[in-house]
Amino acid sequence: MKGERWKVNLKMVISTAENCQTGSVVLENTENKEEEYKAMDKIGAKELLGRLPRVELGFFPTPLYKLEHLSKKLGVELYIKRDDFSGISLFGGNKIRKLEYLLGDAENRGCDYVFTYGATQSNHAMQTVSACRRRGLLPVLYLVAVVDPDENDIRANLLLDRIMGAEVHIVNIEEGETEADAEERSFQMAKEHMARLEAQGHRCYEVPMGGASEIGSAGFVGGFIELEEQLETLGFQADYIFHATGTGGTMAGLQAGKKLLGSHTEIVSINVSHKEEIYLQKSADLAGRTLAAIGAEAVKVAPQDLHTDLNYYQPGYEIPNEASSQAIRLLAREEGLLLDPVYSGKAFAGMLDYIRTGRVPAGSTVVFWHTGGATALFAEKEILGDLVTL
């Protein structure tokens with residue numbers, strides 16, 4: 001595992017990244033070649049975001065506060081950003097920020113159906129369904145069975161999808177297929193479905209996996225601005241932000257926001273699944289495309305600006321590991337807060353390792369961005385693992 005770590009520090013040259021399902025590995029990038037540009041103030045940055053259509057879905061700003069017990073135990077000033085409180089239902093998460101812009105775009109285009117993708121226990125898919133129901137749009141999901149659901153015992157996010165009445169299509173991974181092959185097949189099946197609906201006079205909006213588009217990632221430009229405002233009120237700046245990354249949309253938005261404001265906070269994105277090397281370029285492209293969408297194309301992001309780490313996801317996506325389980329138990333028992341075994345648990349485990357090994361120096365101010373997903377604590381055993389060990 002230790003061979004799969006990298007660091008990059010973005011430079012913004014940008015294009016686009018629709019479905020950043022594959023990516024790369026980066027440990028410590030040696031150079032941080034940042035072009036000079038004039039940082040924007042928060043008011044100006046929010047004015048740029050105001051150019052995009054947006055609907056109100058979440059409860060923002062989400063709370064930011066210090067984890068007192070863990071701060072003492074770890075020797076850092078550790079804060080948590082609670083995007084699991086984003087709403088709109090009890091089961092919020094980071095996708096709500098993206099969906100405010102994605103559904104704003106959908107409504108602006110006059111769409112009545114919204115299609116999206118993920119695994120059967122996808123947080124993104126479930127949050128898309130709840131957001132669609134809030135806005136009177138019709139949600140359609142194409143979900144790959146990374147872990148086969150039991151139709152006689154539907155659990156967690158898939159249960160919520162069914163309760164909210166989403167049209168759910170389960171795409172099984174066939175013999176000889178990879179997960180990526182099944183995903184590509186799900187995209188094609190959805191495109192054919194959309195074509196049928198549009199032939200009947202409907203208008204369909206396609207949300208990429210994880211909401212990873214320049215429209216969706218704009219939500220995390222706003223999220224970064226929100227965090228900076230909260231830190232300013234508290235009277236200090238963060239040295240580090242840690243968060244989980246999958247498709248790269250949250251990472252791209254945070255990096256775009258950081259560049260826009262000229263922040264020096266180090267953003268460490270802990271991968272939750274395997275990525276190819278193209279992942280960094282795609283994520284940098286997405287960050288730049290996001291900036292261009294709000295009229296800030298002069299701000300540039302390059303792969304070298306990204307710091308992403310592949311050392312903590314093994315043995316695979318939706319497969320638990322002991323470090324993640326220990327991290328979940330630690331936060332639960334020290335602070336009474338819950339993480340999930342797929343995303344936030346692995347990201348928290350990565351952050352703990354950085355702190356304990358001195359890569360985050362003692363006394364640093366660290367923000368852990370909780371992206372939600374605790375419904376996975378009620379998912380299939382293959383996803384949950386052994387969390388109740390004393």
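This report walks through a predicted model of one protein chain, from its overall build down to single residues.

## Ground rules

Because this is a prediction, local features need pLDDT of at least 70 and side-chain atom pairs count only at pLDDT 80 or more, while totals for chains, interfaces and linings use all residues. Residues are numbered from 1 along each chain as its sequence is written, and side-chain values use heavy atoms, with hydrogens and water left out.

## The whole chain

Let's start with the big picture. The protein chain has 12 helices and 10 strands; these are DSSP runs numbered from the N terminus, with helices being H or I of at least four residues and strands being E of at least two. Its C-alpha atoms fill a box of roughly 60 × 50 × 35 Å along the principal axes.

Of the 390 residues, 59% count as buried. Buried means under 20% relative accessible area, exposed means over 50%, and partly exposed is in between (1.4 Å probe, protein chains only). As for contacts (heavy atoms within 4.5 Å), residues 24 or more positions apart account for 80% of those with a separation of 6 or more.

## Salt bridges

Side chains of opposite charge can pair when their charged atoms come close. A salt bridge here is a side-chain nitrogen of Lys or Arg within 4 Å of a carboxyl oxygen of Asp or Glu, and the count comes to 21. Take Glu232 and Lys42, whose closest N and O atoms are 3.6 Å apart. This pair links distant parts of the chain, with Glu232 in helix H7 (residues 214–234) and Lys42 in helix H1, 190 residues apart. Glu232 is exposed at 52%, whereas Lys42 is partly exposed at 22%.

Arg97 and Glu226 also meet in a salt bridge, at 2.7 Å from N to O. Here helix H3 (residues 95–108) supplies Arg97 and helix H7 supplies Glu226, 129 residues apart. Arg97 is buried, with a relative accessible area of 4%, and Glu226 is buried at 10%. Another bridge joins Arg135 and Glu107, again with 2.7 Å between the closest N and O atoms. Arg135 lies in helix H4 (residues 123–135) and Glu107 in helix H3, so the pair ties together parts 28 residues apart in sequence. Shared partners also join Lys81, Asp83, Arg97 and Glu226 into one salt-bridge network.

Most residues other than glycine have a negative phi, and most peptide bonds are trans. A cis bond joins Phe60 and Pro61, with omega about 0°; Pro61 sits in the loop between helix H1 (42–49) and strand E1 (64–66). The bond from Gln314 to Pro315 is cis too, with omega near 10°.

Pro315 lies in the loop between strand E9 (308–309) and H10, and Glu318 is found in the loop between E9 and H10. Glu318 has a positive phi of about 65° and is buried at 3%. Ala156, in helix H5 (residues 156–163), has a positive phi near 50°.

## A look at Leu337

Leu337 is in the loop between helix H10 (322–335) and helix H11 (344–356), and it is buried at 10%. Leaving aside neighbours within four places in sequence, Leu337 contacts Tyr65, Leu67, Ile80, Arg82, Leu331 and Ala332.
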